[in-house]
Every structure is written in structure tokens, then in C-alpha cells.
Amino acid sequence: MNNATNESPPKYELGAHPDLPPPFATSGPIKWIRENLLSSPTNIVLTVLAVFFLYKIIPGLASWVFLDATFDAASRNECRELGSGACWGFIKHRWELFTYGFYPVDQRWRVILAFLLFVFVVVVLLWENCPFRKTLRWFAIGFPFVAFWLIVGGLGLESVPTDKFGGFMLTLIIGITGIALSLPLGILLALGRQSNLPIIKYACIGFIEFIRGVPLITLLFVASTMLSYFLPPRVEFDLLLRVLIMVTLFASAYMAEVIRGGLQAVPKGQTEAADAMGLKYWQSMRLIVLPQALKISIPGIVNTFIGLYKDSTLVIVIGMFDPLGIAQATLADTSWQGPSTEVYLFVAVFFFISCFLMAKYSLYLENKLHTGHKR
Amino acid sequence: MKNTLKNAAAVVALSATAFGAQAGTLEDVKARGELNCVVTTGVAGFGAPDDSGKWAGFDVDFCRAVAAAVLGDGEKVNFVPTTGKTRFTVLNSGEGDILFRNTTETMSRDADLKMTFLPVNYYDGQGFMIPSALGVTSAKDLDGASICIQTGTTTELNLADYFRTNGISYEPVPVETNAEAQTNYLGGRCDVFTTDASGLASTRASFEKPGEHIILPEIISKEPLGGAVRHGDDQWADIGKWVVNAIIAAEELGVTQDNIEEMGKAAGDNPSVNRLLGTEGDFGSMIGLDAKWAYRAIAAGGNYGEIFDRNIGPDTAIGLERGLNAQWKDGGILYAAPIR
Amino acid sequence: MSIGTAVDNKSSVPARRNFVSRLWNDKETRSVIIQIIALALMFAFFASLINNAVQNLDRSFSYEFLGQPANYDINQTLIEYDSRSSHLRAMYVGIINTLLVAFCGIVLATVLGFILGVLRLSKNWLTNKIAYVYIEYVRNVPLLLHILLLHGILVHSLPRPKNALNVADGAFLTNRGLFMPKPLPEPIMWAVIGLFIAGILFAFLFRRWAKKVQDETGKIYPVFWISVAAIVVVPVIAFFILGKPVAWDTPELKGFNFRGGMVVRPEFMALWFALSLYTAAFIGEIVRAGILAVSHGQTEASMALGISRGRTLNLVVIPQALRVIVPPLASQYLNITKNSSLALAIGYMDVTATIGGISLNQTGRAIECMLIVMGLYLLFSLLISTFMNWYNNRIKLVER
């Protein structure tokens, strides 16, 4: 104001002038803060509340988890002497148990090798620009057999009984097998439910609704204790195999419903056009309907995968040592008796990372595959 | 998978001919080359995997003895860990061949659940453990306490009966496994932990400060713990029964892991020892085994006293006294039926 | 036809094959054949299962044990129960406990879920991100882990009864549970309760009447405030006029524990909170998607008509969003009910832990008990989905 009255108005030459900077409050961080944090009275109140909330939570949490925490201690007692925060010492001493369960120590290279192969296969399958992708895909087909041979043994390798499996390795085995098998089974069930043949249709409906109506825990209990009643006398089934079957059946019922949603979203004209071209049922499904239906149901499919993966923790109820089972065993150990928070949080971090990655990949896939009908 | 199917088909054909008969556990075990022994998921001293995953404990040694008698090698055991809930179904469904899992012999388990119990290998009773700081000296003073119990065990029923007959109240806190019971007890969720006295001792031994907990003097039940097999296969039940008897008798007769080789070489002066170790008579063939069955069973883990001392005796962390479990000659009630 | 005309040996073989292949190529016959085969396979499958079970069981299949005394105690029951009660009674206790935690879980999860959904849509960057981080953390960690974690935190960080937190007058928070005074209504209290129920009925009828009037004349009554007055204000006034006709049984620390009053056990709290917090994250995303699905034009049109912000939300956005929200919401409710079976892991005595747990184990009737448990869960699922379908039909877009 002062300046304006004292000085004569500036004279402008004709011609181009350099751009003036935008007003102070409409750019940069200030603008961002104004728009995102302080745009209206409600917004200001929310911001204040959120800042207060974070102020209450973050410092305490950070000092408990990192600053005051003990990372290198042989027992909880030692932890107490070293720091007032969390006690992460068990990770250093027990990570092998958490990873491999009771898998024989001298055979663990097989698990590592199988895992590396798995990572390799995943990279080949999910990364489109991978060199030699076409040839390498053949390897992916062989992978399940190689992995089975490596982990279970036989044919020259020392065989390891499945009750020695445990920890993250067990979660991965249940999760990956379940995911790989439940998708095709789910597709078949969904097609069966849409079928024109009443008996097949009602059998599929009955199966799907039964599985969806009962908790997985009861199915696992049936698998672990009662299944043998329903098998011919003296037929034995490995417990892990039974669990895998149950988990797969369970997930496939949910998968079927997700895919049914996708099938219903494919316009009827598509099937009719396929019929008109003389395609047989399976041809039209494989070439026309399923590709569209699966594309639509990707988010649902991945959600079911994540659900299955998380549900694998329920196997502790029937006495298998998944990471949660190992966590409980750790808490029963003389050295680590006490509050369970750290141990469970450690397991939670593992699940969070793997599930979060799956969810993010699904988002990416969804964006990549969607062919532009989105508004 | 294919193999399983093939087996299934074969067995269906087989079972069609021998309808309903459940005999043949011995043949199954021999054919498999491995004994499926039902054990606990982990009670220190009685049966728990060590750091390397190898099973050890009092009950585990009995499993090994049976495996040694039948298969000739005490290491050929596949341990099937079970919770209190799943143990009988696992045995009944044929997934396990024999059970050694701190299991109390009761009439309903015998008759209704179709178990054949082997001779008692540990006489136990249910007790209470409580932090000594609470100053309680008798179970009668536990009115209103929260009590941790393992579900699916006889202790749950005894507890309800005991408090009911004494007219005192309590809050039951059911837990699935011993590990959870410990966490809850140490976390203060319950004042008292109850289970078999041996289990209490073993649990207390695993505490950081065992001295801060006392076991109350009341023993509120009789818990004869023993192994079990399914009903319907008498030969297999006999094998289990006589392996346990042989191990108990070995202590009475002074046969130990150290001197067994010497004593088993040739018939000695004591006919009882000779019959036990197969240097005289052929008792093994009566139960479908060879003459050296008991020799191998004892050689695998020693006699009763050795198994006891190694796993749960006074010198171990568990620190149990023999008490009722001493030989009848020493004032206990262990009394093996004679092998003759 | 060819089978009839086939006379010599040479042509009979191709003729038969022809017949079979014709049967196979005929769509109708083929479908009948496939179905007959499927039916036969299913029948054989179930017959062999049952046959095996009969062979393996070597004892009768019977539910007689339900009438016998259960012999075990349960620490949280809403109905009369002691160790002499029957297994059937224990089952009822379990059913009620399951329904209780499922109901409380559904209510809390819905409230939290809607809050989360709205926060996720808020323009405020901070609250938006906090809600995002919360949802991602909760969704990507197994529910069982949440339950165990919460239970561990409750048991280990809450004080023992001796140092109980006195959270309110007569209410104590300990790691054995939240002890609260229990109302002991005097007879006249029932009048107040009667008024309360009458208030709900009145509000319901009034709402219908007001809607009718509004449809006919356009006159709008303050339905919400009148309902609140009828349901809350009138009974409260009556309560005070009648001289607070209720006695309180306050819990007191005696010996090991608090005695008297009502108690909410930490097992219930852990299960309830874990179920609600977990499901709320999913409901939050559903709500967000539902609100986003209402096209912005709708809000703009409503604003253009001069309808206030609140009424726009109430009359335009929410009814349309609900159509998208309700079907997935129904399956979340089903999930809560089924997931409540994880109670087993922390010892909350729901239906899986009573009849499917302790009773099963004490009697050894595995097949009988598991059949009951599965049947019950199927029934719960059926009831919830019937109700949600009814509600969905009610709010569905009425199409021409």
C-alpha cells in the first residue's frame, strides 16, 4: 500500500514481458496445505484432530518400536535390562524356526532353492518384458513338480515328512498351492452353476452355498479329525494334503461366486455371437466368454487369494505350526515368556508385506487390462 | 495322488473281503516300517520337540520302546502331535497306531470311545498351582478365583465336580494348549492353573522363576495315565501292554541299559530275567514278535526307573519324586504282571 | 435307425458306433447322459462315504448324549447354566454367545465402517491418509492374528483386579474383564420399559403417517425429533417421575475377583473389537465405492433444485449409494458371523467351543457334534442372507 502511493505507477514498454510469479498463496506447499488441509471449517477441525491424534500416537509408538526397543538380547529378562521398549530379540534367535519350522537343518537348502525357483517363475509370469519369456514359461509348468520333489523329497533326496513343515514356509506352501488350484476349480464351479443341465447346476449350487455357509475352522476340523471316518479303513492321507484339499475347496467356492459375477457381466450377445460362429461350448467359453469374465473379476479374484492366504493361519487350530503356531511356541519358551505383542506383530509384518504386494499388483493389472470402457 | 487312489482301490477290495474286521495293526506298522505314535503338542518332560525338532520325554520313550520291540529300531517313530481334543479321533480314525499322551484311563473312554488302555505308566492326580505371593495354602480357599484349564481333558470335569461338592465358586478360563495356559497364567488372566500334578511340575519348571509358584497340597482326582490303542485288535493291544509291563519289570529285575547286553547274551541264573530277555522260552511269538522283543524295547530307552529319572526325575528340571510311581517293593504301586 | 437296418455282421460295428456318436452329438440326449453320469457318480460318492463311516464308527449314531449333564462350567453365560446342565443347554449357551458377539460385531463394524468410508472420501489429506493406512494395515493381516494380538494386549496391559481401573462410578476395568453395576429393576420399572417400547411403536407408525401426509400435501413434519422425544425423552422423564425405580448391584472386590454386577470378559472384548475393527476396514471400502458410484450430476441436480446439503445427502445420495452398498455389506455380515468361530483360539465359549469343542471332546461324538455346528452356521447364514435380501429388495430401484 505504502509503496503504491509513494512511487509513481510503473511504466510498461510495449512488447513481451517476463511472466510474474503467481500469487504467493496459490502455488507451492502453501497452496497444497490450503487446499488439502484448511479448505473449510470442518476441514480445519479435522486437521487439528488428526494432528492431535498423530501427536498422541506416533512418538510413543516410535520409541516403543525403535528407539527404546532391544534388538539383540537372548531372553526377555535381558531385554528388560537393556531397554524399556519392545523386545525384538527373539527374531534373531528364532528366525530359522519362524521360517522353516522343524525342517531338518541340513536339508534347508532345498527349501531355499524351491523358493528362489518360485521367485523366478513369478518374475517370468508377471513381468511381460522378461527376456526369453515364451521359452521360460514352459519351465513354469514344470515348477510345481520340481518344487514338490525338492520340498518333500524322494528320488534321491532324503524325504522329509510333512509334519516337519512349519513357519512362513508352511504358509507359502498352503497359500501358493491353494491359489494355484482354487482358480481352475472355481472357474469350473462357476460354469457349472451357470449350466443348463439342472443336476450339475444344483450340485454346484449346493456345494458352493454349503461351503460359503460354514466357517473354515469347522472344515479344517473335519479334515483333521473326521475325514478318516469317511475313507475306507486303513487308507491314510497326509494331514497337510487334507488341509490343502479343504483350503482349496473353501477358496474355490468363493472364487466361483466372484467369477460368476464376471460371467454375468459379459453381455449375452457375446455367447450368441460365438454360437453363431459355430463355436462349441468349451471353445466359446475359452476364447470368448472367460477372457472377458476373468478380466472383470480380477479384483475379486485377488481378494479371494489374499483371503485364502490369510486364512492359512487357521491351521494352528488343528495343531500345525504355521508362523502363529511358532509364535505361540515361542511364548511358551522360558526365555520369551511375557507379553505377546512383539511376537504377534512380527508375524503381522510378514503377512502385511505379502498381502499388500498382492493387492498392489492386482491394482496394476486391473489398470493395464482395462480396455477403456471406464468413465 | 495316483498312488493314494491305487491304494484306496486295493483297500476297498480288501476290506470288502474282511468286512468290519480291524485287525492287522501289527502288519500295517511292519509294512510301513514306522510307528505312528500319538503324543502331545508339547509338555516338557513328557513329550516335546527339542530345539532341533527331535522328540524327547517320558511318553516319547515309551513310543520308542514299542517301535524298538516291533520294528527293531526305536528311531522309527513318526510322532503325531495332538491336542486334548483331537487325540482320540486321531487314534480312532487309524491315523495313529498307539497313544502315549498323559491320558487318563476312564470307563467312558474305554467303553464308549472304544479305547483299550495299556497298563498305567504314571499315577497322577489333579492339582493346583498358584503364585505364592497370594498366600493361599489350600484349594478350599480358592473361592471366586479365576482358574485356567485345558479344554477337552478330564481336569475340566474334575474341577467342576470339586468346586460343586465344596460349594465354592470359580471362573473357568478355558485354553487350548499348555502354552496358552502358561501365557494366561503368567499374564494374570487367571489366579490358578490346574492340571495333573506332573504337568504342573513340568510347567513350573519351565517358568523363569519357578520359586514364585506353589503347588497346593490337595490332589482332587485320581489320574492313572497310560497308553492306549483302538478297540478291536487284541494282538496289537497285547504288544503295547507287554512292552509297558516289560519296561516296569526290567527295573524290578535290575535290568538296565548298561547291563542288558551282558544279561541278554545267554541264559543266567534268574529265570524271570531269562524269560524277559528271550534267552529262555519264546514269549515273543505269542504276541507276533520274535524272542528278543523285550530286549530291544528295554535297550532302546532303559527300564522304567531310567526313563523316569532321565525325563522327569528329581535331577531334571521337572523334578518329580517317584512317590506312587515307585516299584511295589519300594512302597509305590507299580506292579508289573509277570511274564510267564 | 441304422441299428434296425443293420443285418450283416460287417456293418453292425460302425452302425453301433454311429448310434453312440449320434446320441453324443444330439444336444438333448448328451445333456441327459452327462447328467445321469453325474448323478450316478455323486450317488456313488456319498454312498461310499456313508458306508465307510458306518464301517469305521462301529458304534451307533445317536444324539442321546445331548440330554446328559455336560459336567463342565462356562465363564460367560446369558442364560442359567451350571455344570449339571445338559449338553443341549451348553449348546444354547454357545448359540447365544455366538449371536451376541456377531450382533455386537455387526453393529460396531457398520458404524466404524461408515465413518472410515466417509473419512476416505474427505478432502482433508491427513484424515484421508490416516484412514488409508488403517484400512491397508487391517485388511492385510489375518483376523486370527488381530484377535490374538488384542487378547494379548488386553490380558497383559490391563491391571489385575487388585489395581483395577475405576473407569466410572461402580465400573471397574481389569484384565479379568469390565465389571459394571447390574440394574435390578423394581416392578414399577417395567412401566418405563413399556413406555420405551410404546415409544418405538409410536415412532414407527408416526413415520408412516408423516410420509403419507408428505406425499399427499407436501407438509413435512420433524419426524426425527418427534421420534427421539417419543423413544428417549418420555421414558427418561417417566423414570425420574417414578423416582428412579431401579436398584444397582455394584461389583465389589472380594478375595480374588470382583463379585456381583455384570461382567464383560476380555475374551469377548478381544473378539468383538477384533471382528469389528477388521470388518470395518472392508465396510469402509464398500461404503467409499458405494458413494463414489453415485454420479456427481445427482448431487448437482439436487443442489440446483435448492435442496439443502443435509437433505441432498439424505434423500439423493444415500438411497442410491445404499443400493450399491447393501449386497456386499450382507456378505460382510455373514463373514462376521462365521469368523466369530475363531473364538475358539482365545477361549470365548461360542457354539464352536461348547458343542463343537468341549462337548464333542467329552463325549467323543465327533460326527454328531460337527453336524450340529455346521447346521447351526448354515442356519445363521441363511437367516442373515434372508434378512439382507429382504432389505435389499426394499431399497432396490423400482424399475418400470
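Chain C of this predicted model has 13 helices and eight strands. Its radius of gyration is 30 Å, well over the 21 Å that the globule rule gives for 400 residues, so chain C is more spread out than a compact globule. Along the principal axes, the C-alpha atoms of chain C fill a box of roughly 105 × 70 × 45 Å.

Chain A has 16 helices and zero strands. For its 375 residues the globule rule gives 21 Å, but the radius of gyration is 29 Å, well over that value, so chain A is also more spread out than a compact globule. The box filled by the C-alpha atoms of chain A, again along the principal axes, is roughly 105 × 75 × 45 Å.

The table puts the figures for each chain side by side.

| Chain | Radius of gyration | Box of C-alpha atoms | Mean pLDDT |
|---|---|---|---|
| Chain A | 29 Å | 105 × 75 × 45 Å (roughly) | 83 |
| Chain C | 30 Å | 105 × 70 × 45 Å (roughly) | 83 |

**Confidence**

The model scores ipTM 0.84 and pTM 0.81. In chain A the mean pLDDT is 83, and 95% of the residues reach 70 or more. Within chain A, confidence is lowest in helix H1 (residues 2-6), with a mean of 52, and highest in H8(A), with 90. Chain C has an average pLDDT of 83, and 94% of its residues score at least 70. Residues 1-12 of chain C have a pLDDT below 50, and this stretch has nine contacts in the model beyond near neighbours in sequence.

**Where chain C touches chain A**

In the contact between these chains, 47 residues of chain C meet 43 residues of chain A. On the side of chain C that touches chain A, at least two residues each come from helix H3 (27-57), helix H5 (125-139), helix H6 (143-157), helix H11 (309-339) and helix H13 (366-395) of chain C. H3(C) gives the largest share of that side, 12 residues. Sorted by class, the side of chain C that touches chain A has 28 nonpolar, 16 polar and three charged residues.

Two packed helices are described by the angle between their axes and the distance between the axes. Two pairs from chain A are described here in this way.

One pair is helix H8 (residues 167-194) and helix H11 (residues 239-265) of chain A, whose axes come within 6 Å and cross at roughly 45°. H8(A) and H11(A) are therefore oblique to each other. Their crossing is right-handed. The contact of H8(A) with H11(A) has 16 nonpolar, seven polar and two charged residues. H8(A) is also the helix where confidence in chain A is highest, at 90.

The other pair is helix H15 (residues 323-332) and helix H16 (residues 341-369) of chain A, which pack at an angle of about 160° with their axes 9 Å apart. An angle over 145 degrees counts as roughly antiparallel, so H15(A) is roughly antiparallel to H16(A). The crossing of H15(A) and H16(A) is right-handed. H15(A) contributes Pro323(A), Leu324(A), Ala327(A), Thr330(A) and Leu331(A) to the contact, while H16(A) contributes Val343(A), Tyr344(A), Val347(A) and Phe350(A). By class, the residues of this contact are eight nonpolar, one polar and no charged.

Note on methods
Residues numbered from 1 in each chain as written. Chains lettered and ligands numbered in written order. Predicted model: local features only at pLDDT ≥ 70, side-chain atom pairs only at ≥ 80, totals over all residues. Contact = placed C-beta atoms within 7 Å. Helix = DSSP H or I, 4+ residues; strand = E, 2+ residues; numbered from the N terminus. Nonpolar A, V, L, I, M, F, W, Y, C, P; charged D, E, K, R; others polar. Axes fitted to C-alpha atoms, helices over the stretch in contact; angles between N-to-C directions. Parallel < 35°, antiparallel > 145°, perpendicular 65-115°, else oblique. Left-handed = near helix turned anticlockwise from the far one by under 90°. pLDDT = per-residue confidence, 0-100. Rg over C-alpha atoms; globule rule 2.2 N^0.38 Å.
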